[in-house]
Amino acid sequence: MAIKIIEGKVAPLPIENIDTDQIIPAQFLKISKREGLGKYLFYRWRYDEQGRPKEGFILDDPRYSGASILVTGRNFGIGSSREHAVWALIDYGIKAIIAPSFGDIFYENAARNGLVCVKVKEEIAKEIIEEALRREVYARIDLENKTLSYLGKNISFEIEENVRKRLILGLDDIGLTLEFYEEAIRRYEEKMGSYIKIRKGIFTPL
């Protein structure tokens, strides 16, 4: 699915180094469907060992009900490769995450699944978090122009170009490869044609 603009309410999560095990604990990784994982998002922070809801977790605050943009501290999504973490965030309703930095594998998994990760300077993330803790904040993320708008401000943000193109064109891995290398692949295949022949349906060297 192509994504160019994301607009929504901001939920603040002022914590650094949130790893994928905190985003979704290992006991839920046996679930192979992407749908339904949102109820397990940040499970250990939201529920006790008996599965009873805890009080005080910020995403359970009614003020942030319906928030689709999460603003958090640096190194979000570090730790083990866990695509379920991205699935759980998306299923919960999160469409974009704003942070100073992300875990590399999480960042790649997010791009593949259409979850937008916006890198901003640490002071920008802190400002948005502090404002969202005080009042209702809405943000607009424009992937085509690489701009983030909030509270009347408009700033540029960082995003890898291949990730940006993947998101705004709605490309999967194959589509992204063809976008950058289709002509090179065609030239290679034409060149290889002179080295192989087809015999009884099998390609063999000449």
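## The sheet

Seven strands make up an open sheet of mixed pairing, in the order β4-β3-β2-β1-β5-β6-β7. Strands here are DSSP E runs of at least two residues, helices are H or I runs of at least four, and both are numbered from the N terminus. Two strands pair if DSSP finds at least two bridges between them. The edges are β4 (116-119) and β7 (153-156), each of which pairs on one side only. From one strand to the next, the twist averages 30 degrees.

Strands β1 (residues 5-13) and β2 (residues 69-72) run parallel and are joined by four bridges. A11 has L70 as its bridge partner in β2. Helix α5 (residues 122-134) lies across β1, β2, β6 (147-150) and β7, at about 75 degrees to β1. Axes are lines fitted to C-alpha atoms, for helices over the stretch in contact, and angles run from 0 to 180 degrees between N-to-C directions.

## Basis and overall form

This is a predicted model: local features need pLDDT of at least 70, side-chain atom pairs count only at pLDDT 80 or more, and totals for chains, interfaces and linings use all residues. Residues are numbered from 1 along each chain as its sequence is written, and side-chain values use heavy atoms, leaving out hydrogens and water.

The protein chain has seven helices and nine strands. Its radius of gyration is 21 Å, whereas a compact globule of 206 residues would be near 17 Å. That radius is taken over C-alpha atoms, and the globule rule is 2.2 Å times the number of residues to the power 0.38. Along the principal axes, the C-alpha atoms fill a box of roughly 70 × 45 × 25 Å. Of the 206 residues, 42% count as buried. Buried means under 20% relative accessible area, exposed over 50%, and partly exposed in between (1.4 Å probe, protein chains only).

## Helix α3

Helix α3 (residues 83-92) has these buried residues: H84, A85, V86, W87, A88 and L89. Their cover includes α1 (20-23), β2, β3 (96-99) and α4 (104-113). Contact means heavy atoms within 4.5 Å. Just after α3, G93 takes a positive phi of about 115 degrees.

L41 touches A88 and L89, and also I23, R46, L59 and Y92, not counting residues up to four places away in sequence. L41 lies in the loop between α1 and α2. L41 is buried, at 0% relative accessibility. Its C-alpha atom is 8.2 Å from that of Q22, 19 residues apart along the chain.

## Aromatic pairs

The whole structure holds nine aromatic pairs. One is F28 with Y40, stacked at 4.0 Å centre to centre and 15 degrees between the planes. Both residues lie in the loop between α1 and α2 (43-46), so the pair ties together parts 12 residues apart in sequence. F28 is buried at 11% relative accessible area, and Y40 is buried at 19%.

F42 and W45 are also stacked, because their ring centres are 5.4 Å apart and their planes at 5 degrees. Rings of Phe, Tyr and Trp (its six-membered ring) pair if their centres lie within 6.5 Å; planes under 30 degrees apart count as stacked, over 60 as edge-to-face and the rest as tilted. F42 is buried at 0%. W45 is partly exposed at 25%. Ring pairs also link F28, Y40, Y43 and Y47 into a cluster.
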